[in-house]
Amino acid sequence: MKILNNYLSIAEFESVIFNRAEVSISDTVYQRVNESFEFLRDFSSEKIIYGVNTGFGPMAQYKIEKEQQTQLQYNLIRSHASGTGQPLSEKQVKAAILARMNSLSLGNSGVHSSVIELMKELINRDITPLIFSHGGVGASGDLVQLAHLALVLIGEGEVFYKGERKSTKEVFEVENLEPMKIRLREGLSIMNGTSVMTGIGIINLVNARKLIDWSLKISCAINEMVSAYDDHFSEELNAAKLHKGQQEISAKMREHLKDSQLIRKRDKHLYSGENQEKVFKDKVQEYYSIRCVPQILGAVLDTVDYVEQVLEKELNSASDNPIVDLKNRQVYHGGNFHGDYISLEMDKLKIVITKLTMLAERQLNYLLNAKINEIFPPFVNLGTLGFNFGMQGAQFTATSTTAENQMLSNPMYVHSIPNNNDNQDIVSMGTNSALITDKVIENAFEVLSVHLITVVQAVEYLSCQDKISSETLKMYNEIREIVPAFTEDEVLYPYVQQVKDYLKGK
């Protein structure tokens with residue numbers, strides 16, 4: 001059980017979203033949130049506070065009288081519940097709720113504690129609000145997507161519950177839940193933040209780390225298949241370049257390959273002084289997709305590490321407007337809802353995951369092209385050449401999916417379009433960036449699935465199970481439980497999907 005208190009780490013966030021840990025709220029949070037609510041209620045009684053007694057956006061110049069202020073919040077929620085496209089996944093919605101809940105728990109938003117209490121119940125009872133993928137521009141927060149969350153919190157709209165799409169009213173009655181009551185500015189406080197892009201961003205981060213881990217393992221296996229020399233992942237060579245990620249990747253390669261009988265020492269071959277060949281049959285240096293793994297995945301890892309820092313800071317930040325400052329008994333108006341930090345990091349993340357996908361595609365091509373590797377039959381075909389096809393068909397899928405990632409990796413961060421009567425004259429497009437990154441990551445898992453099936457077929461061809469490292473053997477055995485060794489042509493798409501699920505940890 002994760003208790004919401006003062007700071008939520010990425011690991012704790014992951015335990016709720018991926019491992020279904022329950023959430024509880026500490027008394028400290030309840031006290032802090034209620035103090036913030038009571039202060040804002042009293043402070044705003046004779047002052048002009050945006051979103052309490054004014055209209056919204058370019059309509060903020062209009063004062064709202066006291067008897068209309070509650071209805072104003074309902075109007076905001078209903079009018080902005082205008083999303084389209086595919087619904088977000090259960091994990092994505094739960095992540096958005098948890099991120100919003102954590103931000104509101106900081107006591108900088110002036111909401112009543114009943115709001116975070118109801119959010120907690122949605123998470124713990126697996127009630128998933130219907131939130132669409134299209135809608136937010138990521139400037140005044142994830143307005144449209146979070147409006148769909150707010151709509152459910154007031155007992156309206158729709159949810160996914162026990163595998164069915166149902167009305168919120170019906171599910172709340174079954175679960176004996178009371179809708180949220182607007183007391184002050186709950187509508188704006190829920191909607192005015194970066195929690196959807198942040199929540200999806202954290203899911204992307206977790207999956208990106210899985211991809212790095214698998215790419216590393218598969219790259220090690222390929223080094224074994226081609227009997228690579230060990231100096232390109234040596235400590236000495238990689239220490240000469242001062243990047244943490246490169247050094248960490250090379251160290252993991254050394255650990256993975258420490259008991260391999262296929263990796264060669266350059267000292268025993270090319271440095272022995274006994275080699276008299278004029279044209280070397282064996283490659284003096286491997287292709288870049290094999291030799292430059294520490295440099296390529298190192299850059300990916302360093303980027304992912306920084307993305308995590310930004311996401312954790314955003315997760316534990318107050319991201320709405322205005323901000324309530326209990327310590328100084330003041331309310332500040334500004335733009336903490338702007339999603340630039342997340343938008344930029346999601347663009348960086350999708351770029352490096354696309355590069356990881358490209359690395360996998362090039363390694364796959366190396367294995368499949370007999371003229372290049374001079375080790376395996378074309379397409380690692382274990383059947384009859386000309387009659388059977390091996391992995392030929394699957395390569396088309398991997399290549400086209402890699403190409404899609406290359407196209408999708410163009411940045412959203414620089415695609416600001418003014419809107420909202422030009423009140424929002426520069427926006428982040430952070431939610432779009434996070435969702436496109438999610439697609440890039442899904443594609444990467446598909447390419448690695450084809451790649452990994454090919455690797456285990458290559459092990460089969462070489463009959464080297466007794467020589468590969470124990471780590472590669474473990475991976476080989478686990479894939480063989482999913483995909484049998486095949487010489488005759490097989491329908492591959494079910495196997496590719498099953499391997500993808502395995503890589504994602506489903």
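A salt bridge here is a side-chain nitrogen of Lys or Arg within 4 Å of a carboxyl oxygen of Asp or Glu. Searching the whole structure with that rule turns up 31 of them.

Some housekeeping before you click: this is a predicted model, where local features need pLDDT of at least 70, side-chain atom pairs count only at pLDDT 80 or more, and totals for chains, interfaces and linings use all residues. Residues are numbered from 1 along each chain as its sequence is written, and side-chain values use heavy atoms, with hydrogens and water left out.

**Stop 1: the two domains.** Colour 2–192 as domain 1 and 202–324 + 333–505 as domain 2; the bounds come from an automatic or database domain assignment. Their C-alpha centres sit 37 Å apart. Where they touch (contact means heavy atoms within 4.5 Å), domain 1 puts in 44 residues and domain 2 puts in 37.

**Stop 2: the interface.** Together the domains bury about 3,100 Å², with 58% of that on carbon and sulfur atoms. Buried area is the accessible area (1.4 Å probe) that two parts lose on being put together, summed over both. Now select Ile10, Asn108 and Val137: they supply 21% of the area domain 1 buries against domain 2, more than any other three residues.

**Stop 3: polar links across it.** Pick Asp320 and Arg185, whose side chains meet in a salt bridge at 3.5 Å, N to O. Across the whole domain interface, the rule finds one salt bridge. It also finds 20 residue pairs in polar contact, both at pLDDT 80 or more. A polar contact is a pair of N or O atoms within 3.5 Å; within protein, one must be able to donate a hydrogen and the other to accept it, and residues adjacent in sequence count only if both atoms are side-chain atoms.

Which elements give two or more residues to domain 1's side? Show α1 (10–17), α2 (27–43), α4 (90–104), α6 (143–153) and α8 (186–191). Helices (H or I, at least four residues) and strands (E, at least two) are DSSP runs, numbered from the N terminus. The largest share, seven residues, comes from α4.

**Stop 4: Arg20.** Zoom to the loop between α1 and β2 (23–25), where Arg20 lies. Its phi is positive, about 60 degrees, although Arg20 is not a glycine. Most residues other than glycine have a negative phi, and most peptide bonds are trans. The partners are 106 residues apart, with Asp126 in the loop between α5 (113–124) and β4 (128–129).

**Stop 5: a cis bond.** Select Asn321 and Pro322, joined by a cis peptide bond with omega of about -5 degrees. Pro322 is in the loop between α13 (293–315) and β8 (323–325).

Stop 6: Finish on Phe39 and Phe43, both in helix α2, four residues apart, about one turn of the helix.
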